[in-house]
Each structure stands twice: as structure tokens, then as C-alpha cells.
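Please look at the overall form of the chain before turning to its parts.

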Amino acid sequence: NEDGTVYDGPRTINTVDGTLEIAQREITVAANGGSKPYDGTPLTAQEKGYTISSGTLAAGQTADVALTGDRTLVGTADAVVSSVAVKDATGADVTKNYKVTPQNGTLTVTNRAEDAKFQITLVASSSTGNTYDGTEKSVSGVEASTFEIGGVTYTVSGFQTSDPARTDAGTYANNITAPAGYTVVDAAGNDVSEQFSVTPQN
């Protein structure tokens, strides 16, 4: 060139795009689970709630967590995290920005303690005020074999009564016996005898 510079051929300029990466926020949502003695009503996962056991929500955001699972009879059941929805302060769903790990809990219903068993008094039927007239008088059964406790209906069986039938003047006992023990079932027919103490009143 006239100015004395040396041209040594074309140059190639490469461009490399940059990136902005925002990782999902990681949280673990754990169903709390819980336990209680048998009372005839369900122990539910929803009532026991949940905990974010690992990680946190972004400021101003809230989680709507659906929990399923329940247990009424003695034993265990899973408390399940069915769904998790995260919303920002405006109510917009931002769940896609989270990596959610659900963690189930356990619902446990235990036997009632010996000194806390439900008490049922089984009263034998009576017939009083009768006057001798030469005809047979009788009484049989019990006043009631179905009882309601805490809004739950239970039925007692496994007993028999002596059912006296007499003509002569006197007092005759209508006795309750249960040779093999009393059976108590709930409205669905589940045997819950272990949770009860049944006392006969002749």
C-alpha cells in the first residue's frame, strides 16, 4: 500500500452468544402425618398438614399443597403429597420455576389405653308394676344394643339374656351373659371390640 502498511489477507471475526441461566428452585414438600388413639373418626393427611422440609419458597410466594390419605381403624396409612402449586404475590402460577420433591408421611391410629376405653353399659330389660292375675308375665332382651359415641354408631352383640317368664308372684332376674365375650362393631361392620369396655347391668 502507498502508506507502507502490509495487507496479509482477510480476517474472520467469530461471535459467541452469552447465556443467562436461572435454575429451578429446589424444595422438598413433606406430608406431616401423625397419630392418635382410635376414636371412630378418620385421621386425615389434610388436617395434619405439610412442611417444606428442604429449601424455601421465593419471597412473597406461597404453596398450595393437596394432601390425601386417611385412617380410621387401628393401623397405618400413607399421607400423600398429591400436588403442589406455587403462586406469586399476584396469584400467578410459578410452579414451573420449582423442582418439587414430594415426601409422604404416615398416619397411625393406635389402640385406646386400658384406662381410656370407651365405656358401654348394657342394660337388661325390666318389666315392673305387674300384679298377679294368674297369667304369665315375661321380659326379654336389653334396653338397647346400639349406642352413639362421638357421632359414631356402634352395635354390641355376643350376649344373651335369661328372659324370665313366670306366673307366680316374685322377682325374677333378667341376667346378661356373654360366654365368648362381647363384640362391638361400627356402622360399617368393622370389629372394634378392643376399644371398648362393656359392662352388663342386670
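In this predicted model, the chain has a radius of gyration of 36 Å, whereas a compact globule of 202 residues would have one near 17 Å. Along its principal axes, the C-alpha trace of the chain spans about 155 × 35 × 25 Å. Buried residues make up 26% of the 202 residues, and the secondary structure comes to one helix and 18 strands.

Among these elements, three strands form an open sheet in the order 4-1-8, and their pairing is mixed. Strand 4 (50–54) and strand 8 (98–103) are the edge strands, each of which pairs on one side only. On average, and with direction ignored, neighbouring strands of this sheet are turned by 30 degrees against each other. In general, the strands of a sheet pair through backbone hydrogen bonds, either parallel or antiparallel. Strand 1, which covers residues 25–31, pairs with strand 4 in the antiparallel sense over four bridges, and Ala-31 stands opposite Tyr-50 in strand 4.

Rolling a probe the size of a water molecule over the atoms shows where empty space is left. Here, the largest pocket has a volume of about 490 Å³. Which residues lie nearest the centre of this pocket? Of the 26 residues that line the largest pocket, Ser-127, Asn-130, Gly-170, Thr-171 and Tyr-172 lie nearest its centre. The table sorts the lining by class.

| Class in the lining of the largest pocket | Number |
|---|---|
| Nonpolar | seven residues |
| Polar | 15 residues |

Definitions and conventions
Residues are numbered from 1 along each chain as its sequence is written. This is a predicted model: local features need pLDDT of at least 70, side-chain atom pairs count only at pLDDT 80 or more; totals for chains, interfaces and linings use all residues. Side-chain values use heavy atoms; hydrogens and water are left out. Two strands pair if DSSP finds at least two bridges between them. Helices (H or I, at least four residues) and strands (E, at least two) are DSSP runs, numbered from the N terminus. Axes are lines fitted to C-alpha atoms, for helices over the stretch in contact, and angles run from 0 to 180 degrees between N-to-C directions. On a 1 Å grid over the protein atoms alone, a cavity is a set of points where a 1.4 Å probe fits but cannot get out, and a pocket is an open set with protein on both sides within 12 Å along at least five of seven lines; lining residues have an atom within 4 Å of a point. Grid points are joined across faces, edges and corners, and a volume is the space filled by probe spheres set on the points. Ala, Val, Leu, Ile, Met, Phe, Trp, Tyr, Cys and Pro count as nonpolar, Asp, Glu, Lys and Arg as charged, and the others, Gly among them, as polar. The radius of gyration is taken over C-alpha atoms; the globule rule is 2.2 Å times the number of residues to the power 0.38. Buried means under 20% relative accessible area, exposed over 50%, partly exposed in between (1.4 Å probe, protein chains only).
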